[in-house]
Amino acid sequence: MSLQRHGGTHTAVLRWLLGTPLLLGCSGTLCRKVTPPNCPSPCAESQPTTSDETVVAGGTVVLKCQVEDPDDSSLQWSNPAQQTLYFGEKRALRDNRIQLERSTPNELTISISDVVLADEGEYTCSIFTMPVRTAKALVTVLGIPQKPQIFGHEQPIDEEKVARLICRSSGSKPAAKLRWRKGNREIKDSGTEVVEDPNGKTFTVTSRVEFRVTKEDNEVEITCTVDHESLQNSERSTTQRLQVHYKPTAKIEPHPQYPREGEKLQLQCDGQGNPIPQEFLWEKEGSDAPLQLSSDSVLIFPFLNKSDSGTYVCTATSSMGSVVAKYNLDVSDVPQLPTPHVHSTPAPPPGPSQPISHASMASAPSFTPAPIQDASPVPSTSSTYHAMIGGVVAVIVFLLLSLLIVLGHYLIRHKGLCPSPGDTVPPRHRPPPEVMCTYLTHEAKGSDDAPDADTAIINAEGGQAGGDDKKEYFI
């Protein structure tokens, strides 16, 4: 047997003693394992092998080519444009993104970093034998979708109207999928549109959603999420808060909650809504003139009295309409338990009898919120005035009693100082000079009508009752 080499191609020629030549080979490749009379196919072991790769734009892809029997030839990688990247260990294309990872007679591995969409396509691994053997590797580049954007939320939406929102994301390859969420609940879109981008490789996806809003949807979070295989386990989404305008509500709160007659009372008209009420009209039922119209929601009673009893009405107005709240104030001397009386109802349509009109929203349906219970102030059994008057009367009575006690004590001390007529009084028992004793003497009785002393004595013994009192001083 003799071997001949022709341009890298091996040819085996067997010469048998019988002189019959026999060529064993497969496509010009030497059959090294000879099993007469035929050669098993060793060519399958010499075919290069590769694998398809998928990479996200901006990432790195590794291309590996292996061969079992290189047949003393070198492996080569070329790009989709058939430009040679590496031939064995030698760089053929000046691109710093392409690097040699491994080069052996049986393997050639390269890497491409910072992959772009233009790098997508079929890469070829070749081994230059006779004939040339090749293998293809398809590189797929995924376009990362951009962060989605939500449109249609810029202006507030009136309650009971339909919100129409749009979510859009571009740059995905293949086309991404969009999904909606309102709060913690998934909502279904009303349609999706996919448009190819100008570069001819990526896509822009648009999703629309529609739903009727209520006042509970105010400040609710609307989220649009994009799902794409390039994002792997991460999530890319956008969240916006929805603004909903709705009609106001109102209730009246007293401060203090249980006022007393004579105290200061403030009635607070608590208006809620979006937008918040900016105008408050205070009226008293049965009164023709309004009490107060301003942006101040507080009605003040500096000095509460019984004439303030009655039902007070607060009309709160915003751009979405008006609402009425009532409060029953009962100022009395009888203690009462709190009774529910505060309620809030929509303001009626303006009429000619109203002194100041506030138009409600004509297009909005009638609104009757649930009654709001509250307590009216309960007056105490005795007022401040009664306490003051009682104190003054007590002081006067005390002074009178004190005066009577002092006077009685004085009269008791001076009783019996003046002796009776004809009594013999020791000097030490005589009253002081300043004390005057008054009594009728025998001589004084009838002395004015008697001509002489004897007659006066006789008249005195007769007990003339009409005689005047005579005064005698002890000296």
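Biologist: What share of the 475 residues in the chain is buried?

Modeller: Buried residues make up 33% of the 475. A residue is buried when its relative accessible area is under 20%, exposed when over 50%, and partly exposed in between (1.4 Å probe, protein chains only). Please keep in mind that this is a predicted model: local features need pLDDT of at least 70, side-chain atom pairs count only at pLDDT 80 or more, and totals for chains, interfaces and linings use all residues. Residues are numbered from 1 along each chain as its sequence is written, and side-chain values use heavy atoms, with hydrogens and water left out.

Biologist: How many helices and strands does the chain have?

Modeller: The chain has two helices and 32 strands.

Biologist: What makes a group of residues a nonpolar core, and which members touch the most others in the largest one?

Modeller: A core is a set of buried Ala, Val, Leu, Ile, Met, Phe, Trp, Tyr and Cys residues joined through side-chain atoms within 4.5 Å. The largest has 21 residues, and Leu63 and Trp77 touch the most other members. Strands S6 (61–66), S7 (75–78), S8 (84–87), S11 (107–112), S12 (121–127) and S13 (133–142) each supply at least two residues of this core. Another core, of 20 residues, lies apart from it and includes Ala176, Trp180, Val205 and Val209.

Biologist: Which residues does Leu63 touch, not counting residues up to four places away in sequence?

Modeller: The list includes Trp77, Leu108, Ile110, Tyr123 and Val139. Touching here is a contact, with heavy atoms within 4.5 Å. Leu63 is also on the covered face of S6, with Val61 and Cys65, whereas Val62, Lys64 and Gln66 make up the uncovered face.

Biologist: How do you know that S6 and S11 are paired?

Modeller: Two strands pair if DSSP finds at least two bridges between them. Six bridges join S6 to S11, so they pass that rule. The two strands run antiparallel, and Val62 stands opposite Ser111 in S11.

Biologist: Why is the pair of Phe87 and Phe128 called tilted?

Modeller: Rings of Phe, Tyr and Trp (its six-membered ring) pair if their centres lie within 6.5 Å; planes under 30 degrees apart are stacked, over 60 edge-to-face, and the rest tilted. The centres of these two rings are 6.1 Å apart and their planes are at 55 degrees, so the pair is tilted. Phe87 is in strand S8 and Phe128 in the loop between S12 and S13, so the pair ties together parts 41 residues apart in sequence.

Biologist: Why do Phe87 and Phe128 count as partly exposed?

Modeller: Phe87 has a relative accessible area of 35%, so it falls in the partly exposed range. Phe128, at 40%, is therefore partly exposed too.

Biologist: What makes the pair of Phe301 and Tyr312 edge-to-face?

Modeller: The angle between the planes is 85 degrees, so the pair goes in the edge-to-face class. Its centres are 5.2 Å apart. Phe301 is in strand S27 (residues 298–301) and Tyr312 in strand S28 (residues 310–318). Phe301 is buried at 8% relative accessibility, and Tyr312 is buried at 2%.

Biologist: How do you know that Ser322 makes a polar contact with Thr317?

Modeller: A polar contact is a pair of N or O atoms within 3.5 Å; within protein, one must be able to donate a hydrogen and the other to accept it, and residues adjacent in sequence count only if both atoms are side-chain atoms. The side chains of Ser322 and Thr317 make such a contact at 2.9 Å. Ser322 is in strand S29 (residues 321–329) and is buried, at 7% relative accessible area.

Biologist: What makes the bond between Lys173 and Pro174 stand out?

Modeller: Most residues other than glycine have a negative phi, and most peptide bonds are trans. The bond joining Lys173 and Pro174 is cis, with omega about 0 degrees, and Pro174 lies in the loop between strand S16 (162–172) and strand S17 (177–182). A cis bond also joins His255 and Pro256.

Biologist: What is the phi of Glu160, and where does Glu160 lie?

Modeller: Glu160 has a positive phi of about 70 degrees although it is not a glycine. Its place is the loop between strand S15 (157–158) and S16. Glu160 is partly exposed, with a relative accessible area of 41%.

Key:
Helices (H or I, at least four residues) and strands (E, at least two) are DSSP runs, numbered from the N terminus.
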